[in-house]
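Trainee: I'd like a close look at one part of this model. Please take me through it step by step, and then on to what surrounds it.

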Amino acid sequence: IAAITNACAEFDHWDTETHNIELKHGCSNVLCFVLSMTENEDEIRMICAALEMVFRASTESVRMNYHEIGSSILPLLLKVIEKCESSKFSNAEVSILNVSKVLLYFSRVQELRKPLADHNGMLDTLVRVSSSALSEEARILRMRIIANLCNWEDNKVWMSKHPGFLDSILKVAAMDTSSSAREYAAASLMDLASSSKTQEDMANHDRLLATLVKL
């Protein structure tokens with residue numbers, strides 16, 4: 001706990017170049033390794049906070065680091081979100097927000113949008129934006145991730161056909177109390193519909209036109 005506390009104190013800043021150096025020297029690799037070894041809820045919360053901090057780096061540094069640890073860190077992050085959503089996890093909301101921010105940083109890198117969408121369990125996690133008891137900030141973050149992934153041509157057919165994915169976006173677009181969440185849902189629909197390969201299926205969806213009219 002003391003070591004992770006010191007790490008958080010060191011990483012909690014907004015100097016992009018310093019975060020680039022932190023990633024270069026393997027700080028995220030070590031945090032990922034420690035996260036894989038612990039079941040302690042306080043440690044998990046603090047490690048997720050530290051990871052969010054170090055990934056405030058440049059797009060290029062995030063891209064390079066993802067290629068080093070992406071296959072290791074994504075399952076851990078998705079597991080944390082699932083635990084926080086499904087059980088009485090201490091400080092669950094804080095951990096969900098920090099993990100969501102890390103995934104958002106990844107999704108900003110265009111080259112990573114395909115492997116993120118393809119990763120086992122990623123779309124299942126994103127789909128829960130309309131069914132889990134999330135705070136407004138958490139819903140907005142998750143919809144921002146969805147919007148980024150929808151903004152990649154190779155993802156559009158795969159994502160639109162994923163069970164429950166389109167229904168989830170439509171539910172947020174039509175019913176969410178957050179105007180920002182609805183905005184990102186609308187942007188996601190716009191990007192999905194920009195592909196000629198998705199348009200027929202989307203037009204045949206029984207709720208899509210009604211949702212667009214409501215928007």
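Which residues do ring pairs link into a cluster?

Mentor: Phe55, Tyr66 and Phe106 are the residues that ring pairs link into a cluster. First, some ground rules. This is a predicted model: local features need pLDDT of at least 70, side-chain atom pairs count only at pLDDT 80 or more, and totals for chains, interfaces and linings use all residues. Residues are numbered from 1 along each chain as its sequence is written, and side-chain values use heavy atoms, with hydrogens and water left out.

Now the rings. Rings of Phe, Tyr and Trp (for Trp, its six-membered ring) pair if their centres lie within 6.5 Å; planes under 30 degrees apart count as stacked, over 60 as edge-to-face, and the rest as tilted. Searching the whole structure turns up 2 aromatic pairs. Take Phe55 and Phe106: their ring centres are 5.1 Å apart and their planes meet at 80°, so this pair is edge-to-face. The two come from distant parts of the chain, 51 residues apart: Phe55 sits in the loop between α4 and α5, and Phe106 in helix α6. (Helices, H or I, at least four residues, and strands, E, at least two, are DSSP runs, numbered from the N terminus.)

Then Tyr66 and Phe106. Their ring centres lie 5.2 Å apart with planes at 70°, so this pair is edge-to-face too. Again distant parts of the chain are linked: Tyr66 in helix α5 and Phe106 in helix α6, 40 residues apart.

Tyr66, with a relative accessible area of 9%, is buried. Phe106 is buried at 0%. Phe55 is buried as well.

Next, the core. A nonpolar core is a set of buried Ala, Val, Leu, Ile, Met, Phe, Trp, Tyr and Cys residues joined through side-chain atoms within 4.5 Å. The largest one has 72 residues, and the members that touch the most others are Leu51, Phe55, Leu77, Leu103, Phe106 and Phe165. Helix α5 contributes the most to this core, with 11 residues. Look at Leu103. Contact means heavy atoms within 4.5 Å. Setting aside residues up to four places away in sequence, Leu103 touches Leu74, Leu77, Leu78, Ile81, Met122 and Ile145.

Now step back along the chain to α4. This helix covers residues 41–54, 14 residues in total, and spans 20 Å from first C-alpha to last. That is close to the 20 Å expected at 1.5 Å a residue. (The expected span is 1.5 Å times one less than the number of residues.) Helix α4 is mostly covered, with 10 of its 14 residues buried. Among them are Ile44, Met46, Leu51 and Val54. What covers the buried residues includes α1 (2–11), α2 (16–24), α3 (27–37), α5 (59–86) and α6 (92–107).

What happens at the start of α4? There, a side-chain oxygen of Asn40 comes within 3.0 Å of the backbone nitrogen of Asp42.

The charged end of Arg56 sits over the ring of Trp14, 3.9 Å from the ring centre. (A charge sits over a ring if NZ of Lys or CZ of Arg is within 6 Å of the ring centre and within 35 degrees of the ring normal.)

Move on to the loop between α5 and α6, where Asn91 is placed. Asn91 is not a glycine, yet has a positive phi of about 55°. With a relative accessible area of 39%, Asn91 is partly exposed.

One last stop is Ser178, in the loop between α11 (165–175) and α12 (179–193). Ser178 is buried at 1% relative accessible area.

How values were computed: Buried < 20%, exposed > 50% of the residue type's maximum accessible area, 1.4 Å probe, protein only. Polar contact = N/O pair within 3.5 Å; in protein donor to acceptor, adjacent residues only side chain to side chain.
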